[in-house]
Amino acid sequence: MAIQGIGRVRAHQTQNEGLVFEKSSPGKKAYKLPPLDVPAVNAAELLGEARRETPAALPELSEIEIIRHFTRLSTWNYAIDLGMYPLGSCTMKYNPRVNEFVARIDGLADAHPYRPESLAQGILEVIDLLQRCLIEITGMDAITLQPAAGAHGEFTGILLVRAWHESQGNARKKILIPDSAHGTNPATAAICGYAVENLKSNADGGIDLEALERQVDEETAALMLTNPSTIGVFESQIHRIADILHAKGALLYMDGANMNALVGKARPGDFGVDVMHLNLHKTFSTPHGGGGPGSGPVACKAFLEPFLPTPVLVRRGTSQVSESRPGAPGELCWEYNRPQSVGRVRAFYGNTGMFIRALAYILANGPDGLRQTTEDAVLNANYIRKKLEDVYELPYKTASMHEVVFSDKRQAAKGVKTGDIAKRLIDYGFHPYTVSFPLIVPGAMMIEPTESESLEELDLFIDAMRAIAREVEEDPELVKSAPHSTRVSRLDEVAAARKPVLCWRAEAKA
Amino acid sequence: MRYLPKSPAEREQMIAAIGAASIDELFEVIPAEYRFARDLDIPRQQAESEIISYFRAAGAKNATDYVSFLGAGAYRHYRPVVIDSLVQRGEFLTSYTPYQAEITQGTLQAIFEFQTMIAELTGMDVANASMYDGSTGAAEAVLMAMRVTGRHKAVAAASVHPEYREVLHTYLQHREMPTALVGYDAETGRVDLAALDAAVTEETAAVLVQSPNFFGVIEDIPAIADIAHKKGALLIVSIAEAVSLGVVRPPVEADIVSMEAQSFGVALSYGGPFCGVIAAKEQYLRQMPGRLAGQTVDKDGNRGFVLTLSTREQHIRREKATSNICTNQALVALMATIFLTVYGKEGIRELAEHNLAKADYAAKTLSAQPGAKLLFTGAPRFHEFVLQTEEAPAAWSKRLLDEKIVGGIELSRWYPELKNATLWCATEVITREQIDAAAKVLAAAPVEA
């Protein structure tokens with residue numbers, strides 16, 4: 001491939017790797033149980049007809065084969081640890097290794113959720129400190145850590161909105177959602193029983209205040225707003241937005257997906273937000289892990305606190321505890337007696353392992369580190385914007401925060417689309433940016449570098465993007481058929497969906 | 001700050017390149033009155049060694065050296081070392097959702113293997129890439145059944161995990177989808193079939209049961225399926241203890257299985273992250289929530305994997321999506337996949353049989369103590385059992401704790417009618433010595449006048 005070599009190296013060769021089932025042969029083992037120290041039982045006798053007759057056809061391999069299988073698979077992935085991963089809206093920042101270390105500490109990793117609270121004070125103190133840090137960072141009054149991910153947080157937040165409106169006598173009927181929003185927002189509103197009403201963005205990609213004023217009425221429960229927006233722009237009229245909503249009794253929900261632009265620099269609680277969710281796997285560095293687990297805490301103002309999911313963490317000897325249970329004053333405990341609560345959104349207390357990691361990140365940063373992190377994230381995005389705005393179309397000229405959205409307008413004239421440019425970035429050793437989102441930008445290229453990129457890595461990325469822009473002019477086919485350097489070439493997604501093959505079947509082997 | 005890869009000079013260089021006077025200029029778009037002018041009131045920046053000390057102290061405060069007979073939806077099993085070695089590879093740990101298939105074949109193939117193993121274990125045709133956990137998975141399964149059948153009522157067994165039922169209620173409360181609760185047979189602990197038969201109507205979308213149920217009792221799935229199916233309702237079987245499938249017959253009569261796969265190599269971690277998963281008969285595939293990995297070919301005919309059928313999902317379908325789920329539990333599903341590969345076809349059965357044996361010994365030994373008896377003896381169990389004592393559990397719990405043993409959990413918290421009844425669990429990691437020690441403490445009730 002005749003592309004300029006900028007900082008790229010060829011990968012080592014390894015053997016190809018089939019499916020784990022194809023490597024199985026009967027009698028191989030990777031486990032050994034200790035001798036049974038109680039009398040063996042006859043499963044057929046104990047279980048009768050409930051006994052499994054045909055064993056599940058799980059693979060049979062030795063330990064070295066398992067290590068090699070999954071290690072080889074891992075080498076087919078791109079990852080933050082390998083290079084820049086500028087997926088807009090996803091905040092692919094460095095995942096500190098001490099987070100992983102502390103999440104596996106004895107006493108935390110092996111704590112059963114129903115152990116007596118007297119034996120769980122250590123983990124409860126961790127949860128309590130994280131809650132207090134997140135309340136301070138968001139400027140809100142109360143929080144629940146129960147939601148398992150961002151969309152689950154949205155669900156919880158809108159349930160709070162609904163419960164509050166019901167307590168005022170009318171649940172109301174609709175949620176306003178800007179056309180630039182994440183798909184989870186309208187999906188969430190629908191699940192909570194609300195009609196979704198679209199709010200068209202203004203010429204700057206922000207909220208159109210006149211349209212908002214027209215559309216907010218006595219049946220509007222809330223506006224779900226991402227701030228900074230999905231084009232990376234801070235809603236400078238945010239308080240006006242809140243005022244318009246509040247004047248009609250509607251609430252302001254903030255999708256905290258882009259909180260990495262604000263931590264230590266501005267607080268949603270100060271600019272009129274009533275309820276919001278955070279993504280610990282974005283802003284607070286817990287790993288994405290190939291799609292999860294996440295954690296989606298929901299922070300709210302005091303008037304929504306009575307509706308938080310049960311249980312909530314409280315300290316004995318304070319007015320928050322409704323009942324007297326055995327235990328020392330000052331001990332933390334779970335309070336279940338919450339008559340106005342929206343109920344549970346998940347069993348137990350949330351993705352606790354993620355709480356530990358997020359707190360480790362906050363402690364590693366402190367107030368100065370978090371502020372510097374935000375500044376660097378915004379600096380990196382603006383640097384990329386400055387260095388690419390002459391070759392890629394910038395649909396909105398408004399000042400960027402932590403991400404910048406270009407469009408493929410100029411390249412599309414040559415028949416090359418945002419998706420092609422994204423695939424070509426792979427050949428240059430980078431993960432693509434977010435493709436075709438937000439929907440208000442045709443051919444969107446959404447770039448979020450995060451604070452974790454050095455100047456050197458940013459310059460390599462910029463060089464790659466500029467080189468691709470040149471290729472579009474000189475040899476568009478090269479870009480349209482990318483990637484050229486990967487283990488597999490472009491995959492047939494249409495065939496995958498037309499006749500789905502979702503499981504391996506033994507007969508398919510022949 | 002040690003995670004930030006820039007020198008002060010480089011920052012200045014970049015600010016100059018942008019043409020800004022200072023970093024503050026980049027934040028001027030935020031109205032001055034909302035710019036945060038002070039330091040956040042959070043702990044100061046800590047050294048790595050301090051962070052480790054803080055969490056070690058928290059772990060120690062939790063008390064680590066207790067024997068535990070707790071189960072109830074969160075199970076302690078041995079976790080093979082290779083699981084953490086492999087999931088901590090940065091290529092798995094720090095990769096995003098595999099939307100760019102060419103550079104995420106590792107994650108995609110691992111998901112495909114996970115889906116295959118879950119389908120095989122549960123006796124279903126297809127399985128998704130994961131849900132948040134067993135509780136939300138069960139609620140999503142009920143919503144899925146409502147989409148499939150076009151009906152709007154559900155029937156749930158009282159023997160489903162109480163917290164799963166609470167989550168179900170939360171999910172359904174604003175949808176005008178009433179849920180009827182069906183009780184359990186006092187002798188067997190199984191779903192009361194006559195009551196179920198009466199509760200299921202032509203309007204019922206789904207019957208939700210759990211097996212092994214919250215009392216550890218294995219339900220009569222074929223009989224329950226008959227009752228559901230004859231009225232045209234779907235049967236959803238929730239499985240909170242996945243290891244049971246090594247020795248317990250899979251619920252092949254079910255239409256949807258919602259499983260919590262935490263037992264497959266996932267740490268207890270005070271209740272999360274765990275790993276839900278939904279499996280189903282193939283004809284319901286298009287109503288399934290969550291991500292799916294599918295096999296396909298590349299331009300050159302090589303086998304490869306992609307995320308597929310995404311027109312069900314929120315990023316395409318928005319308010320008409322099957323669910324709002326986006327992030328799932330991918331890395332935890334990878335743990336489960338590795339666990340199942342380590343144990344394999346023979347190992348998962350042997351492991352399940354060890355659990356069966358430990359629990360059988362524990363149930364017999366504990367119930368042989370004066371004043372103690374087993375409830376629900378009329379039906380098969382896996383590794384949990386309900387013990388009823390004459391002495392109040394609060395009293396013997398305290399004596400057990402003095403011996404550094406955490407006994408069973410009191411059921412009256414959720415089932416007021418089950419007085420002095422506790423739910424015990426004995427997995428393969430419990431030893432005979434520990435069971436005998438617990439029995440001795442139970443037997444040592446102070447003699448009262």
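Guide: What follows is a short walk through a predicted model, taken topic by topic.

Visitor: Let's get confidence out of the way. What does chain B average in pLDDT, and what are ipTM and pTM for the model?

Guide: Chain B averages a pLDDT of 96, and 99% of the residues score at least 70. For the model, ipTM is 0.97 and pTM is 0.97.

Visitor: Okay, the interface. How many residues of chain B are in contact with chain A?

Guide: There are 165 residues of chain B in contact with 169 residues of chain A. On the chain B side, the element that gives the most is helix α11 (residues 330-367) of chain B, with 24 residues. By class, that side of chain B has 80 nonpolar, 49 polar and 36 charged residues.

Visitor: Can you show me a specific helix pair across the chains? At what angle do α9(A) and α1(B) cross?

Guide: Helix α9 (residues 352-388) of chain A and helix α1 (residues 8-18) of chain B cross at roughly 45 degrees, and their axes come within 9 Å. The two helices α9(A) and α1(B) are therefore oblique to each other, and α9(A) passes α1(B) in a left-handed crossing.

Visitor: And which residues meet there, in α9(A) and α1(B)?

Guide: From α9(A) come A:Leu379, A:Asn382, A:Tyr383 and A:Lys386, which meet B:Arg11, B:Met14, B:Ile15, B:Ala17 and B:Ile18 of α1(B). The residues of this contact divide into 6 nonpolar, 1 polar and 2 charged.

Visitor: Switching to sheets. In what order do the 7 strands of the chain B sheet come?

Guide: The 7 strands form an open sheet in chain B with the order β2-β8-β7-β6-β5-β3-β4, and the pairing is mixed. At the edges are β2 (126-127) and β4 (179-182) of chain B, each of which pairs on one side only.

Visitor: Zoom in on β3 and β5 of chain B. How many bridges join them?

Guide: Strand β3 (residues 153-157) and strand β5 (residues 204-210) of chain B are joined by 4 bridges and run parallel. Within that stretch of the sheet, B:Lys153 stands opposite B:Thr204 in β5(B).

Visitor: Which helix lies across β5 and β6 of chain B?

Guide: That is helix α9 (residues 221-230) of chain B, which lies across β5 and β6 (234-239) and runs at about 145 degrees to β6(B).

Visitor: What about chain A, how is the pairing in its sheet of 3 strands?

Guide: In chain A, 3 strands form an open sheet in the order β10-β12-β11, with antiparallel pairing. Its edge strands are β10 (404-407) and β11 (434-435), each pairing on one side only. Strand β10(A) pairs with strand β12 (residues 444-447) of chain A over 4 bridges in the antiparallel sense, and A:Ser407 stands opposite A:Ala444 in β12(A).

Visitor: How do the axes of α11(B) and α13(B) cross?

Guide: The axes of α11(B) and α13(B) cross at roughly 20 degrees and come within 9 Å. Angles under 35 degrees count as roughly parallel, so α11(B) and α13(B) are roughly parallel to each other. Their crossing is right-handed. On the α11(B) side B:Tyr361, B:Ala362, B:Thr365 and B:Leu366 take part, and the residues they meet in α13(B) include B:Ala438 and B:Leu442. The contact divides into 7 nonpolar, 1 polar and 2 charged residues.

Visitor: Last topic, the backbone. Where are cis peptide bonds?

Guide: One joins A:Asn227 and A:Pro228, with omega about -5 degrees, and A:Pro228 has its place in the loop between β4 (220-226) and α8 (238-247) of chain A. Another joins B:Gly272 and B:Pro273, with omega about 0 degrees, and B:Pro273 lies in the loop between β7 (256-260) and β8 (276-280) of chain B.

Visitor: And what is phi of A:Ser89 near?

Guide: Phi of A:Ser89 is near 80 degrees, a positive value in a residue other than glycine. A:Ser89 lies in the loop between α2 (63-74) and α3 (97-103) of chain A.

Conventions: Residues numbered from 1 in each chain as written. Chains lettered and ligands numbered in written order. Predicted model: local features only at pLDDT ≥ 70, side-chain atom pairs only at ≥ 80, totals over all residues. Pairing = 2+ DSSP bridges. Contact = placed C-beta atoms within 7 Å. Axes fitted to C-alpha atoms, helices over the stretch in contact; angles between N-to-C directions. Nonpolar A, V, L, I, M, F, W, Y, C, P; charged D, E, K, R; others polar. pLDDT = per-residue confidence, 0-100. Parallel < 35°, antiparallel > 145°, perpendicular 65-115°, else oblique. Left-handed = near helix turned anticlockwise from the far one by under 90°.
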